[in-house]
Amino acid sequence: MSNITLYSWPTPNGIKASITLEELGLPYKTVPIDISTNIQKEDWFLKINPNGRIPAITDNSQRVFESGSIMLYLADKYDTDRKISYAPGTPEHIEQLSWLMFQMGGLGPMQGQANHFRLFAGVRSDYGIKRYIDETKRLISVLESRLQESPYLAGSKYTVADIANYSWVRSAPTALEIDLAEFPAVEKWVNEIGKRDAVVKGANIPDTGRTDADRNEFFKNARAKIDAMNNSDQH
């Protein structure tokens, strides 16, 4: 029997865990980890995730950290009817792993750097902004190629691979002003996934009280702050 506690905040990585839990219909408790307060660096949390990042879960005495590991753990242990995963050993399962790792090693880190330079950096760097937004667009174009030939990333079924990539791509238009109309298959896929009940709920766990309009205004103000800075790096 599960006894899951989710330690998280509604960031692109955080919602990967909460959406997966909601899709599987698993009962769980939530401990909000407001990353702006650095609570994730406190000793008690480092015992759950030594890397001091969200999300993390505990399931009875088992700790699981890193969002991709959490998704795989939940799918392997609790998705017995393969609602959002393929059975190990199948070609689709290998495809699922490949696209999950694509997000973990590519899209997440690169879009994360784009977010940093465009929204959060203490200095303005046109080089950093262009480099990482261009790379984010390239990675989205890889998803576009796949989704032009397959309804979902791993095959005919929505899986954890879609959840992982969706959780990042969904914020690209509002955070980075990337127009998904340039990627019609991705845009259709994002819109479809975004209507799922578990996604709507999971994307707002824990509930911070901030609306989509609040988040959009935050991104707009953050970009304006960067734009007001002198460019410090033209290399």
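This is a predicted model: local features need pLDDT of at least 70, side-chain atom pairs count only at pLDDT 80 or more; totals for chains, interfaces and linings use all residues.
A polar contact is a pair of N or O atoms within 3.5 Å; within protein, one atom must be able to donate a hydrogen and the other to accept it.

**View 1. Asp-59 and its two tyrosine partners.**
A polar contact of 2.4 Å joins the side chains of Asp-59 and Tyr-78. The side chain of Asp-59 also makes a polar contact with that of Tyr-73, at 2.8 Å. Asp-59 sits in strand β3. Is Asp-59 buried or exposed? Its relative accessibility is 2%, so Asp-59 counts as buried. Leaving out residues up to four places away in sequence, Asp-59 touches Met-1, Ser-2, Asn-3, Ile-4, Tyr-73, Lys-77 and Tyr-78.

**View 2. The four-stranded open sheet.**
The strand order is β2-β1-β3-β4, and the pairing is mixed. Strands β2 (28–32) and β4 (62–65) stand at the edges with a single partner strand each, so one side of each lacks a neighbour in the sheet. On average, neighbouring strands are turned by 20 degrees against each other, direction ignored. Strand β1 (residues 4–8) runs parallel to β2, and five bridges join the two. Ser-8 has Pro-32 in β2 as its bridge partner. Helix α1 (residues 12–24) packs on the sheet and touches β1 and β2. The direction of α1 makes about 150 degrees with that of β1.

Strands β3 (residues 56–59) and β4 run antiparallel and are joined by four bridges. Thr-58 stands opposite Arg-63 in β4. Two residues lie between the strands of this hairpin. Most residues other than glycine have a negative phi. Which residue of the hairpin takes a positive phi? Asn-60 does, near 55 degrees. Asn-60 lies in the loop between β3 and β4 and is partly exposed, at 46% relative accessible area. Glu-66 is not a glycine either, yet has a positive phi of about 75 degrees. The loop between β4 and α3 (67–78) holds Glu-66. With a relative accessible area of 32%, Glu-66 is partly exposed.

Most peptide bonds are trans. The bond from Ile-54 to Pro-55 is cis, with omega near 0 degrees. Pro-55 lies in the loop between α2 (43–46) and β3. The bond from Ile-205 to Pro-206 is also cis, with omega near -5 degrees. Pro-206 lies in the loop between α9 (197–202) and α10.

**View 3. Gln-96, a buried polar side chain in helix α4.**
Gln-96 lies in helix α4 (residues 91–120). Its relative accessible area is 2%, so Gln-96 is buried. What does the side chain of Gln-96 meet at 2.9 Å? The backbone nitrogen of Tyr-86 lies at that distance from one of its polar atoms. Residues up to four places away in sequence aside, Gln-96 touches Ile-84, Ser-85, Tyr-86, Ala-154, Thr-159, Val-160 and Ala-161.

**View 4. Trp-189 and the nonpolar cores.**
Nonpolar side chains tend to be buried together in soluble globular proteins. Here the largest nonpolar core has 60 residues. Leu-74, Val-169, Val-186 and Trp-189 have the most contacts inside this core. Beyond its neighbours within four places in sequence, Trp-189 is in contact with Leu-147, Pro-151, Tyr-152, Leu-153, Asp-162, Asn-165, Tyr-166 and Val-169. Another core, of six residues, lies apart from the largest one. Among its members are Tyr-7, Ile-33, Ile-54 and Ala-56.

**View 5. Aromatic pairs along helix α4.**
The model holds nine aromatic pairs. The rings of Phe-117 and Tyr-132 have centres 5.6 Å apart and planes at 5 degrees, so this pair is stacked. Phe-117 belongs to helix α4 and Tyr-132 to helix α5 (residues 126–149), so the pair ties together parts 15 residues apart in sequence. Both Phe-117 and Tyr-132 are buried. Phe-120 and Phe-218 form a tilted pair, 6.1 Å centre to centre, with 35 degrees between the planes. Phe-120 is in helix α4 and Phe-218 in helix α10 (residues 212–227), 98 residues apart. Phe-120 is partly exposed, at 48% relative accessible area. Phe-218 is partly exposed too, at 36%.

**View 6. An aromatic cluster.**
Ring pairs link Tyr-7, Trp-44 and Phe-45 into a cluster. Tyr-7 is also one of the residues of the six-residue core.

Technical notes. Residues are numbered from 1 along each chain as its sequence is written. Side-chain values use heavy atoms; hydrogens and water are left out. Two strands pair if DSSP finds at least two bridges between them. Axes are lines fitted to C-alpha atoms, for helices over the stretch in contact, and angles run from 0 to 180 degrees between N-to-C directions. Contact means heavy atoms within 4.5 Å. Buried means under 20% relative accessible area, exposed over 50%, partly exposed in between (1.4 Å probe, protein chains only). A nonpolar core is a set of buried Ala, Val, Leu, Ile, Met, Phe, Trp, Tyr and Cys residues joined through side-chain atoms within 4.5 Å. Rings of Phe, Tyr and Trp (its six-membered ring) pair if their centres lie within 6.5 Å; planes under 30 degrees apart count as stacked, over 60 as edge-to-face and the rest as tilted.
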